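I opened this entry to keep a record of what I looked up, one place at a time. The notes follow the order in which I went through the model.

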Amino acid sequence: MNRKALVPVAALALTASLALAACGEGPAAETAAPPAGTFPVEVEGTLIPAAPQRIVSAAASHTEILYAIEAGGQVVATDQFSDYPEEAAGTPKFDSFNLGVETVASFDPDLVILSFDPGDLQAGLAALGIPTLLLGPPVALEDVYGQIGALGQATGRIAEAERLIEEMTTAVEGVVTAIPAGAAITYYYELDPTLYSLTSRTFIGGLLARLGMQSIADAADDGSGYPQLSGEFILAADPDFILLADILCCGQSAASVAARPGWSSLAAVEAGRVVELDDDLAQRWGPRIVDLLREVAGAVHGGETG
Amino acid sequence: MNPEKPLRRVGPTGLAVALGLLIAVLVGGVLVGAVGLAPGRVLAELVDRLPWVSVDSGLSRQEAAIIWDLRLPRLVLAALVGATLAAAGAAYQGVFRNPLADPYLLGVAAGAGLGATLGIVSAGAASPIVPGAAFAGAVGAVLLTYALGGVAGGGRAGTTLILAGVAVAAFFTAVQTFVQQRHADTVREVYSWILGRLSTVGWTEVGLLAPYAVVSVVLLLLHRRLLDVLAVGEEEAETLGVGAARVRLVVVLAATLGTAGAVAVGGLIGFVGLVVPHAVRLLAGTSYRVILPLSVLGGAAFLVAADLGARTILAPAEIPIGVITAFVGGPFFAVVLRTSRRGWGP
């Protein structure tokens, strides 16, 4: 009963604060301060004439970064995978796999952020005079910090971006320094049930290397960093841990792995060292990459780490 | 017109050679793999399972699992798929008297592709419903082709059926592409299914395919004499009391059953059904009494060998088996075509 009675009050308070915000801050219906960078500014070769107020983000990673640096109020549309934070999930959506110039232009954006170009999209938008940033997948944590910095500059959230980079750096250091020294822990990282994996050379592999972990796929690198392994190879390598990044996408689990032909003989399966990762965390390079690191460190090194 | 002669001449030798080839690639397949295991130990491990024999192979638990749970089921499955596809291809070529006929002629591939794509999109690539969906799609497409061929008139004559198959395949492929486009995040799963996969199979898949493969191959083998009669022409066959349409229906159903099963567990593996029967025909004679049994053995050996390549060439990474069958099968077929003096036809 009490909770029910509280709802209208809370709603009223929310409406009031929104109204206040709307009065005080113009179009950005957020409590954050207005963007404070210098404009025009050139970021990654793209000229941005004024502080963007209508940003279209075509990748979940960048959406998460934008909201973390308090530029969320400037975002008008996001791709179908942008579901975090909650405000981002509520923005108008589009399909980033089949993205055309017209779709993007229909949101009347003053800044577009892409993680990949499905084909001349950037050029097409440039022809319409819409500034577009293409920030591809990173290969190291430093690249993520670089992208956060670039997005800070592009949105006028320079101080917020610097703060986020500092927070993340500190958090990563915290996790890494708590790792006990010892021999490298081997792991098999599963991207999908057809046994695609990743090497220590990749972004995720590089993060895990900071935790004293080495991918068994290193011996099978085909140059891409993401080789498809054979079942034989995985059984013979007998890794210490199995990390599953295909829980949400492909319905895998510790149980389904144990049921695969021959896999019950693996030490990791027998000892219950199969870690089910959050696919979304594992695929994105936003601020929550720290959470992924904590999750793996906790699972691999147990209670010894924070 | 006497189809007995070539059979008498090459039959027993051909069968022995094909059987020897199959046994050789099977032994090679169990000994060689992505992981190097000492051949002596592998053989000891195999012998150890024989009744009243106990040999310590010295293999670890994981290494023993590699042999029993990965290599052996995969070899058996490759052999079953290869045998089924080659038999179906030979039967199709005979029943339609068309050298370009392969098991996918009447829309099996497109139907299975649509079924598998729908399954992958709705339940994920690893879901057990995917093989069932692919099987249903394959059978559904062929039934539709038959229905369409009947409606189009021509009494389900060979050419009408082939054209109906083209229409059905085009339609199913269009729907499949559309569904795939709407779910672009599953493109890789769909694509890897289309390229064929034996990489993650176990005894479960062998159990799924075996009944279909056996029934299909046995039915086709039983029809090898009738295929010889059909080869001289439909009208001539009718005068000999053989109903071309009825034989065609039974052969197509049997081939479809086997092909649908093979496709459901192994994905779309091209080229086996087209090339193996032709190679056999060019090397051993034009009678289906020779072509069918030799295609069964040759198809099994060819696919086991192709899978061996898929597993080892880039080891520990894998190459899609469909790439190997086309890459090796194409030039191999060209050589056979070049060195043989026999042409197509009865």
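I began with Glu70(A), which counts as buried because 22 C-beta neighbours lie inside 10 Å; a residue is called buried if 20 or more other C-beta atoms lie within 10 Å of its own, exposed if 12 or fewer, and partly exposed in between, with C-beta atoms placed from the backbone. I noted that the phi of Glu70(A) is near 65°, a positive value in a residue other than glycine. Glu70(A) sits in the loop between α2 and β4 of chain A; helices (H or I, at least four residues) and strands (E, at least two) are DSSP runs, numbered from the N terminus.

Before going on I wrote down the conventions: residues are numbered from 1 along each chain as its sequence is written, while chains are lettered from A and ligands numbered from 1 in the order in which they are written. This is a predicted model, in which local features need pLDDT of at least 70, side-chain atom pairs count only at pLDDT 80 or more, and totals for chains, interfaces and linings use all residues.

I then looked up a second residue with positive phi, Asp108(A), where the value is near 50°. Asp108(A) lies in the loop between α4 (101–106) and β6 of chain A, and I found that it counts as exposed, because it has 11 C-beta neighbours inside 10 Å.

Next I checked the domains, whose bounds come from an automatic or database domain assignment. For chain A the assignment gives domain 1 (27–169) and domain 2 (183–304), and 30 Å separate their centres, taken over C-alpha atoms. Between them, 13 residues of domain 1 of chain A are in contact with 10 residues of domain 2 of chain A, contact being C-beta atoms, placed from the backbone, within 7 Å. On the domain 1 side, α2 (60–68), α6 (141–155) and α7 (158–177) of chain A each supply at least two residues, and α2(A) gives the most, with 5 residues. By class, that side has 11 nonpolar, 1 polar and 1 charged residues; Ala, Val, Leu, Ile, Met, Phe, Trp, Tyr, Cys and Pro count as nonpolar, Asp, Glu, Lys and Arg as charged, and the others, Gly among them, as polar.

I turned to the strands, which pair if DSSP finds at least two bridges between them. Five strands of chain A form an open sheet with parallel pairing, in the order β5-β4-β3-β6-β7. I noted that β5 (93–94) and β7 (132–134) of chain A stand at the edges, each with a single partner strand, so one side of each is left without a neighbour in the sheet. Within this sheet, β3 (55–57) and β4 (75–79) of chain A are joined over 3 bridges, and Val56(A) has Ala77(A) as its bridge partner.

Elsewhere in chain A, β8 (185–190) pairs in the parallel sense with β9 (213–215) over 3 bridges, Tyr187(A) being partnered by Ser215(A). I also found 4 bridges from β8(A) to β10 (241–244) of chain A, again parallel, and there Tyr188(A) stands opposite Ile242(A).

Two peptide bonds were worth a note. The bond from Phe39(A) to Pro40(A) is cis, with omega near -5°, and Pro40(A) is in the loop between α1 (2–25) and β1 (41–43) of chain A. A cis bond also joins Tyr84(A) and Pro85(A), with omega about -10°; Pro85(A) is found in the loop between β4 and α3 of chain A.

Last, I asked how many residues each chain brings to the contact between chain A and chain B. I found 31 residues from chain B and 25 residues from chain A. On the chain B side, α3(B) gives the most, with 8 residues.

Methods
Contact = placed C-beta atoms within 7 Å.
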